Amino acid sequence: MQTKAEKTQKAKTPDGGPALVFRDAGIKRGERIIWQHGNFSIPSGSITAIVGTNGAGKTTMMKAELGLLPLFSGSLSVLGGPAGTTNHLIGYVPQNYASDIESNLTAEQSVLLGLTGTKFGIHPTTRAQRAQAREAMVFTGVDDKRHYRLSELSGGLRQRVAIAQALVSGPKLLMLDEPLANLDLAAQRETVHVLAKLNHEMGMTIQVVAHDLNMLLPVLDGAVYLLDGHPHYAKMNEVLDADLLTHLYGTKVQVVTTPQGDMFVTPGADEPDDVTPDIHKPDEVAGFHHHHTKNPSSSARGNRRDSAIGGEKPRYFEQVVSHRSQAKAGRAEGNEGNQRQEAGQ
Amino acid sequence: MSHIQFGFNHEWLETLSVPFMHNAFIAGLCIALAAGVMGYFTIARHSTFAAHALAHIGLPGATGAVLLGLPVSLGLGIFALGGALTIGTLGKKASQREIATGTVLAFATGLGLFFSRMSSSASQQMQAILFGSILTITNDQVLGFAIFDVLLLAVMAVVYRPLLFSSLDEQVAQAKGVPIGVMNVLFMAIMAGVITIAVPAVGTLLIFALVVTPAATANILTSTPLRSMVLSSILCLVSIWGGLVISAMFPTPPSFVIVTISTLFWIVAKGVEALRHR
């Protein structure tokens, strides 16, 4: 079975070098070791998630990759150079981008800053620069919003403006810190779609800090998971193990395999710990899928009646169903990257 | 004569043509230019309260200078710059720490009062420092203001974009290699300069209305940083010059009229914005 990452390697990076290489990397904040013994490399042209509990050092890892925080041990190479020396090739979208921008800035100007913001001296914006900004905004689908102020845009649109700003200088690596946080499902889906398109059409290496992997699962090649103070890297099929995820998140997590791929779910907040979760075998789930496509309008209700075990845990089941339909809808947006991955499985 | 006089001054045109009025008008122009440019950055950096506090940190410097027989502006400038560099070195986040800023503000104001009570001349100057006395601005002061403006524009020509980037989007700017620490110290240092030249016009207490309010109004009405700075300067200029003209017509303190005009612009802009979003 050929994974997407392997194929991307061949297709997109003739030089073949990994995008990021961690060698015994470790980082401290004050006297506290956040994580250490990081030994892995992330292939070029891949989409990788950084996962872990709050405070595990996910954002810290991005800051280290940008060379903004020094390592206390080991080395970290990014796009062929030590961390911090290749930042001109990196597009960075921090967490909560623009949530506190208190200015009249329009979307277009914000994107332009990504191109001209670092230049000292007098530099009137050129037509070529405007065209470049326009191109980035077309790519992320916010071109029609370019004259809107950031404060007038929804969280999802702001996120896409931020991605356009990161894109405008033509980076090879895109780093996004919690890009899906505080977005509704539709906006999450659109953001993921933009990321998949970037990866697929431009061969861009993408790194995403994420709490909830479900929305990203269809496009992910692998994940860096921060566990017990050590970062590990694994391909997606390796990381999606219920025991590992449960350990990783510190709460019970189940992996459900469906015809659309794997997804993992957490029990509902009001579910007692000792309840056996309602898990379905792939062939069983394939049955739901059949109903689903045949009769979409009544599918959710029908599924529940058909398959929920005695209606004991409807709330939990509802969650599985909703996760499934989310991922499905994500796929329905249709990009070849997803389909290839599906074929691979 | 104890009744309140509020009569129209029919000789207001003559009043406007006396030499100290000329100085006031030129000073107003210099102040408007500097305040308009820096007001935008102050808002973008969420540092409006820090800017306000800087004026108060300058107060003990101003009254202390009178005590020592030095020019008010010198003492004010040194204290404001000292405070600015301290806040600037602590980082952009520090300028958003409202409690620390407010505490320092209160202490500095108290210290300013203490110095002013140590000599009768400082005591006399106190009201002018607190509320401004644009009509007493000297030729030397005007020259100083003009030099400051030229320096400000020269520095801005060099750092405009990186300063803007770091003000609006510090994390990305930092990742892109903008020296945000330098930008922060630079911003605060320039701010100290702007305050030093604006205090003579409206005083430490009312300076918010001259540095921040016009910029806030301009932010509502325009949609690019540069246009906002230009409009902010114009609003600031209209406020100051309007204040001078009206206070020549009616017996009112110029500071009061300046602050009133600036506030009215802001209220009107807010109203227009509210209607637009209905």
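1. In this predicted model, B:Gln124 is part of helix H6 of chain B, which covers residues 120–131. B:Gln124 counts as exposed because it has 11 C-beta neighbours inside 10 Å, and the cut-off for exposed is 12 or fewer.

2. The contact between the chains draws 22 residues from chain A and 26 residues from chain B. On the side of chain A that touches chain B, helix H3 (residues 107–116) gives the most, with 3 residues. That side of chain A has 9 nonpolar, 10 polar and 3 charged residues.

3. In chain A, strands S1 (residues 18–29) and S2 (residues 32–43) pair in the antiparallel sense over 8 bridges. They form a hairpin with 2 residues between them, and A:Gly30 in the turn has a positive phi of about 65°. Within this pairing, A:Ala25 stands opposite A:Gly38.

4. Chain A also has an open sheet of 6 strands with mixed pairing, in the order S6-S7-S8-S3-S9-S10. Strands S6 (90–93) and S10 (230–235) each have a single partner strand, so one side of each is without a neighbour in the sheet. From one strand to the next, the twist averages 15°.

5. Strands S7 (residues 173–177) and S8 (residues 205–209) of chain A are paired in the parallel sense over 5 bridges, with A:Met175 opposite A:Gln207. Helix H6 (residues 185–202) of chain A packs on the sheet and touches S3, S7 and S8; the direction of this helix makes about 155° with that of S8(A). Helix H5 (residues 155–167) of chain A lies across S6 and S7, at about 160° to S6(A).

How values were computed. Residues are numbered from 1 along each chain as its sequence is written. Chains are lettered from A and ligands numbered from 1 in the order in which they are written. This is a predicted model: local features need pLDDT of at least 70, side-chain atom pairs count only at pLDDT 80 or more; totals for chains, interfaces and linings use all residues. Two residues are in contact if their C-beta atoms, placed from the backbone, lie within 7 Å. Helices (H or I, at least four residues) and strands (E, at least two) are DSSP runs, numbered from the N terminus. Ala, Val, Leu, Ile, Met, Phe, Trp, Tyr, Cys and Pro count as nonpolar, Asp, Glu, Lys and Arg as charged, and the others, Gly among them, as polar. A residue is buried if 20 or more other C-beta atoms lie within 10 Å of its own, exposed if 12 or fewer, and partly exposed in between; C-beta atoms are placed from the backbone. Two strands pair if DSSP finds at least two bridges between them. Axes are lines fitted to C-alpha atoms, for helices over the stretch in contact, and angles run from 0 to 180 degrees between N-to-C directions.
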